[in-house]
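This briefing goes through one protein chain by topic. Have the sequence and the 3D view ready.

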Amino acid sequence: MAEPFSYGRRGISGRFEDAERELLRGLFRDVVALLEPDDAPEEDPLAALVGISPDATEPEDPALLRLLPNVSKDDDEETREFRRLTERSLREGKAGALRAASLGLESRDVLLDDAGAEHWATALTDVRLVLAERLGIHSEQDAERIHGVTDWSDVGDDDVDAYLALVYNFVTWLQTTLVDAMLASYRAGGRGNGPEGAGSGRGQD
């Protein structure tokens with residue numbers, strides 16, 4: 001079973017079993033695909049150069065909308081302008097963090113510096129947002145229902161919702177331990193950079 005992230009002399013570290021590494025890689029890959037669909041239309045090179053998305057619209061997929069929320073509930077024009085100016089960089093930043101976190105899973109042992117910890121925190125947050133939407137978590141009662149699913153042995157092969165609930169709870173636990181480790185690093189004044197130097201999120205054998 002995965003070991004919780006913890007802060008020590010060398011930085012923030014964690015450890016994963018092979019199946020957990022594959023699970024996380026798959027989750028990160030799926031969210032990147034959601035952020036960067038293969039059928040994206042060709043864009044104006046000049047707009048791409050300055051980071052503008054002239055044709056940005058509200059996502060139809062509610063999970064993607066959680067990742068790229070509207071800036072205003074009442075002002076459609078403000079929301080469209082915000083998307084036009086920021087959506088490209090937001091998508092790229094999130095996808096970059098997910099890819100960086102995935103690279104850190106090359107081995108069972110993961111060692112994070114400041115940037116690596118931030119990438120992982122962003123990646124786990126976005127995975128949780130997508131899973132929460134797929135599971136219909138919109139209230140405290142919904143969350144409590146999902147958190148009550150804890151036993152992998154009770155999940156049948158065709159029980160997709162129960163499987164996703166267990167994955168959501170695993171990612172939630174992992175994110176909680178990472179945040180605790182980041183706070184411990186901050187309190188210690190280390191911010192993830194121990195005297196031996198931590199990597200940017202790449203696994204250490």
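Helices (H or I, at least four residues) and strands (E, at least two) are DSSP runs, numbered from the N terminus. The model is predicted: local features need pLDDT of at least 70, side-chain atom pairs count only at pLDDT 80 or more, and totals for chains, interfaces and linings use all residues. Residues are numbered from 1 along each chain as its sequence is written, and side-chain values use heavy atoms, with hydrogens and water left out.

**Overall layout**

- The protein chain has seven helices and four strands, in the order β-β-α-α-α-α-β-α-α-α-β along the sequence.
- Of its 205 residues, 41% are buried; buried means under 20% relative accessible area, exposed over 50%, and partly exposed in between (1.4 Å probe, protein chains only).
- Contact means heavy atoms within 4.5 Å. Among contacts between residues at least 6 apart in sequence, 75% join residues at least 24 apart.

**Strands**

- Two strands pair if DSSP finds at least two bridges between them.
- Strand 1 (residues 3–8) and strand 2 (residues 11–15) are antiparallel and share four bridges, and a hairpin of two residues joins them.
- Across this pair, Glu 3 is opposite Arg 15 and Tyr 7 is opposite Ile 12.
- Strand 2 also runs antiparallel to strand 3, again with four bridges; here Arg 15 is opposite Asp 109.

**Nonpolar core**

- A nonpolar core is a set of buried Ala, Val, Leu, Ile, Met, Phe, Trp, Tyr and Cys residues joined through side-chain atoms within 4.5 Å.
- The largest one has 44 residues, and Phe 5, Phe 16, Leu 24, Phe 28, Trp 120 and Leu 178 touch the most other members.
- Elements that each supply at least two residues of this core include helix 1 (18–35), helix 4 (76–103), helix 5 (114–134) and helix 7 (160–188).
- Apart from neighbours within four places in sequence, Leu 178 is in contact with Phe 5, Ile 12, Leu 112, Ala 117, Trp 120, Ala 121 and Leu 124.

**Salt bridges**

- A salt bridge is a side-chain nitrogen of Lys or Arg within 4 Å of a carboxyl oxygen of Asp or Glu; the count is 13.
- Arg 15 and Asp 109 form one of them, at 2.7 Å from N to O. This pair links strand 2 to strand 3, 94 residues apart.
- Arg 66 and Glu 133 form another, with the closest N and O atoms 2.8 Å apart. Arg 66 is in helix 3 and Glu 133 in helix 5, so the bridge ties together parts 67 residues apart in sequence.
- Glu 133 counts as buried because its relative accessibility is 15%, whereas Arg 66, at 23%, is partly exposed.
- Glu 87 and Arg 91 form a salt bridge at 3.1 Å; both lie in helix 4, four residues apart, about one turn of the helix.

- Glu 20 is in helix 1. Glu 20 is buried but has no salt bridge, and the nearest side chain of opposite charge, Arg 15, is 8.4 Å away. For charge, Lys and Arg count as positive and Asp and Glu as negative; His and the chain ends are not counted.
- The side chain of Glu 20 reaches the backbone nitrogen of Glu 17 at 2.8 Å.
- Asp 113 is in the loop between strand 3 and helix 5 and counts as buried because its relative accessible area is 14%.
- The side chain of Asp 113 reaches the backbone nitrogen of Ala 115 at 3.3 Å and that of Gly 116 at 2.8 Å.

Technical notes:
Polar contact = N/O pair within 3.5 Å; in protein donor to acceptor, adjacent residues only side chain to side chain.
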